Amino acid sequence: MNRRGELGSMYGEAWKRAAIEGKLGPTLLYLGRLVGRRLERALDEQGLGITPAQARILLALHFQGPLSQQSLALHIDVDPSTLVSTLDVMERDGMAVRDPNPGDRRAHVVSLTERGERQVPRLF
């Protein structure tokens, strides 16, 4: 079954009914999943070895500079607890580093390493 059929069957009659009634929510959910899957596929095809979440972090830190974990989570619209596990992997892989925030002992500032910066142009 192709992707369209697979996703369409996931939403089934609720999707069709929402479309007829002019509701936007189901369509946005579908498009979000579709774009997410296409992004995953594109990253795989390019052989980048990163996830969409890591790509969002790379771009945010590249364009916004070092950010606190809280600011980064807000910037890329993820829960801070979800961000932590992704940053753990990125630190392990040498793409990002967390340093203590000089203004707040409880917080960390996230920045890209040279390796992380080298990944950014490959995303375009």
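Here are some worked exercises on the predicted model shown above.

**Exercise 1. Which residues have the most contacts inside the largest nonpolar core, and which elements supply that core?**

Next, sort by element. Two or more residues come from each of helix H3 (52-64), helix H4 (69-76), helix H5 (80-92) and strand S3 (104-112). H3 gives the most, with five residues.

As background, nonpolar side chains tend to be buried together in soluble globular proteins.

**Exercise 2. Take Ile 50 and Leu 43: what is each in contact with, once neighbours within four places in sequence are left aside?**

Ile 50 first. With those neighbours left aside, Ile 50 is in contact with Leu 43, Ala 55, Leu 58, Met 95, Gln 119 and Leu 123.

Now Leu 43, which sits in helix H2. Leaving out neighbours within four places again, Leu 43 is in contact with Leu 48, Ile 50, Thr 51, Pro 52, Ala 55 and Leu 123. Leu 43 has 6% relative accessibility, so it counts as buried, the cut-off being under 20%.

Last, look at Leu 43 and Leu 123 along the chain: they are 80 residues apart in sequence, yet their C-alpha atoms are 8.0 Å apart in space.

**Exercise 3. Run the length check on helix H2 (residues 25-45), then list its buried residues.**

H2 has 21 residues, and the distance from its first C-alpha to its last is 30 Å. That is close to the 30 Å expected at 1.5 Å a residue.

The buried residues in H2 are Tyr 30, Leu 34 and Leu 43. Just after H2 comes Gly 47, where phi is positive at about 65°.

**Exercise 4. How many salt bridges does the structure hold, and how exposed are the partners?**

The count is four salt bridges. Let's go through some of them.

- Asp 88 and Arg 98: the closest N and O atoms are 2.4 Å apart. This pair links distant parts of the chain, with Asp 88 in helix H5 and Arg 98 in strand S2, 10 residues apart. Asp 88 is partly exposed because its relative accessibility is 40%, while Arg 98, at 16%, counts as buried.
- Arg 92 and Asp 93: their side chains meet at 3.2 Å, N to O. Arg 92 is exposed because it has 62% relative accessibility, and Asp 93 is partly exposed at 28%.
- Arg 106 and Asp 104: the N to O distance here is 3.1 Å. Arg 106 counts as exposed at 73% relative accessibility, and Asp 104 counts as partly exposed at 23%.

One more step: which residues are joined into a network by salt bridges that share partners? These are Asp 88, Glu 91 and Arg 98.

**Exercise 5. Which strands are joined to S3, and by how many bridges?**

Take strand S1 (residues 67-68) first: two bridges join S1 to S3, and the two run antiparallel. Here Ser 68 stands opposite Val 109 in S3.

Then S2: six bridges join S2 to S3, again antiparallel. For a specific pair, Ala 96 has Leu 112 in S3 as its bridge partner.

Notes
Residues numbered from 1 in each chain as written. Predicted model: local features only at pLDDT ≥ 70, side-chain atom pairs only at ≥ 80, totals over all residues. Heavy atoms only, no water. Helix = DSSP H or I, 4+ residues; strand = E, 2+ residues; numbered from the N terminus. Contact = heavy atoms within 4.5 Å. Expected span 1.5 Å × (residues − 1). Buried < 20%, exposed > 50% of the residue type's maximum accessible area, 1.4 Å probe, protein only. Pairing = 2+ DSSP bridges.
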